[in-house]
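Biologist: Please show me the model, and then I will ask how you know what you say about it.

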Amino acid sequence: MSKVYNLKREVEKPPRLTGGHRLCAGCGAGVVVAGVLRALNKEDRAVVVNATGCVEVSTFMYPYTAYTDSFIHSAFENAAATCSGVEAAYKALQRRGKVNGVVKFITFAGDGGTYDIGFQSLSGAMERGHDMVYVCYDNEAYMNTGIQRSSSTPRFARTTTSPVGSAGQGKPQNKKDITEIMVAHHIPYVAQTAPLGNFKDLHIKSHKAIYTEGPCFLNILSPCPRGWDYPASKLAEITRLAVETCVWPLFEVEEGIWRLSYIPKKKLPVEEFLRPQGRFRHMFLKGNEWMIETAQAYVDEKWERLLERTGA
Amino acid sequence: MIRAKDINEHTPWQDLTPGGEIYEPGTARAFNTGTWRTHTPVFHADACKHCMLCVPFCPDSAIPVKDGKRLDFDYMHCKGCGICEDVCPFPAITMVAGGVPK
């Protein structure tokens, strides 16, 4: 990749995630996976590993693969271990001169496979220092099995296991901060991004993560029209609002140095992000104003801390 | 070796690839997801400025690009989500009800 990002040139590359996969119409994860793979140099090859999740069950249904690169199935809890094993095997064969050429190792996992079930194998692979990228497409719940809450689900969000009714008002806990946990692994590159505008942020971060030697981690917001309950056509708008309200800040941590990628000109109130989504509908009922205030206070506190960290 | 296109629900298990492996890339292209559409995008080439903003936003890689120009939709794979119409800054894409572009 030359230094300047050029959308026209990038979309000219043949897609590495083809059509014909069975992700829902308007799925954010399809956009994220295709976007990350687009950051590979055209001539390089990749091995893609998937943890159990929407992307795994939809992109690789025998005898159909939506990948033009090698792909390996994995279970929920061991995608990072599988990927690190393939990487180690490749390095060993390379030392013996049995394989050559650039091969990149990329794991895709949802938030369930990253924040919860796959967390130990992810932590292990990062600690061992394998040359791989772990990409979490964060859709904030177990969407594949029917929208159950995960530790990534934000507070107050309605899911089938954190329903709204007389006994409960959505998920009672806040979202786990996995990006910060990955920073604490002191790996070369950690970043948070989202499918936005001309995809410059997602592309540059993906390219950096893929071509930085050592373990790298990307957390990418991946709106889910079914689970978040918004019209499928509104992907770009929902992501934009997540970023403009600072609910999903864009930043990167390179060799321990924190850097903010984007500061909204005018930080929008968190309501703007919550309102279009059915999973937060109950927050707008009379008597529930405190929920919006609490959500706003939480976002403000996290944002202030991020500003401090990045020295912005 | 049996090819993906020759495998279907009537293929006896003895003929399947060992370990359920797939030896060809991108075989999903042969699968029609166009039948999922309840709404269909229509491309108006004369209004398109080829800014390409719609291309990376398509979850189904259903907007082909060739020589700096975006071409008409790949209706075999488009599921009709309407994101492209939403992100298009020009009147180059309109959604119509139903599964066919008319």
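Modeller: Start with the radius of gyration, which is taken over C-alpha atoms; the globule rule is 2.2 Å times the number of residues to the power 0.38. This is a predicted model.

Biologist: What makes chain A agree with a compact globule?

Modeller: For 312 residues the rule gives a radius of gyration near 20 Å, and chain A has 19 Å, so the value agrees with a compact globule. The C-alpha trace of chain A spans about 70 × 45 × 40 Å along its principal axes.

Biologist: How many helices and strands are in chain A?

Modeller: Chain A has 12 helices and 10 strands. Buried residues are 53% of its 312 residues, where buried requires 20 or more other C-beta atoms within 10 Å of the residue's own.

Biologist: Why are α4(A) and α6(A) called roughly parallel?

Modeller: Helix α4 (residues 79–95) of chain A packs against helix α6 (residues 119–128) of chain A at an angle of about 30°. Angles under 35 degrees count as roughly parallel, and therefore α4(A) and α6(A) are roughly parallel to each other. Their axes are 7 Å apart.

Biologist: Which residues meet there?

Modeller: Among them are A:A79 and A:C83 in α4(A), and A:L122 and A:R128 in α6(A). The residues of this contact comprise 6 nonpolar, 3 polar and 1 charged.

Biologist: How many residues of chain B are in contact with chain A?

Modeller: In chain B, 34 residues are in contact with 35 residues of chain A. Helix α1 (residues 83–87) of chain B gives the most to that side of chain B, with 4 residues. By class, the side has 19 nonpolar, 9 polar and 6 charged residues.

How values were computed: Residues are numbered from 1 along each chain as its sequence is written. Chains are lettered from A and ligands numbered from 1 in the order in which they are written. This is a predicted model: local features need pLDDT of at least 70, side-chain atom pairs count only at pLDDT 80 or more; totals for chains, interfaces and linings use all residues. Helices (H or I, at least four residues) and strands (E, at least two) are DSSP runs, numbered from the N terminus. A residue is buried if 20 or more other C-beta atoms lie within 10 Å of its own, exposed if 12 or fewer, and partly exposed in between; C-beta atoms are placed from the backbone. Two residues are in contact if their C-beta atoms, placed from the backbone, lie within 7 Å. Ala, Val, Leu, Ile, Met, Phe, Trp, Tyr, Cys and Pro count as nonpolar, Asp, Glu, Lys and Arg as charged, and the others, Gly among them, as polar. Axes are lines fitted to C-alpha atoms, for helices over the stretch in contact, and angles run from 0 to 180 degrees between N-to-C directions. Angles under 35 degrees count as roughly parallel, over 145 as roughly antiparallel, 65 to 115 as roughly perpendicular and the rest as oblique.
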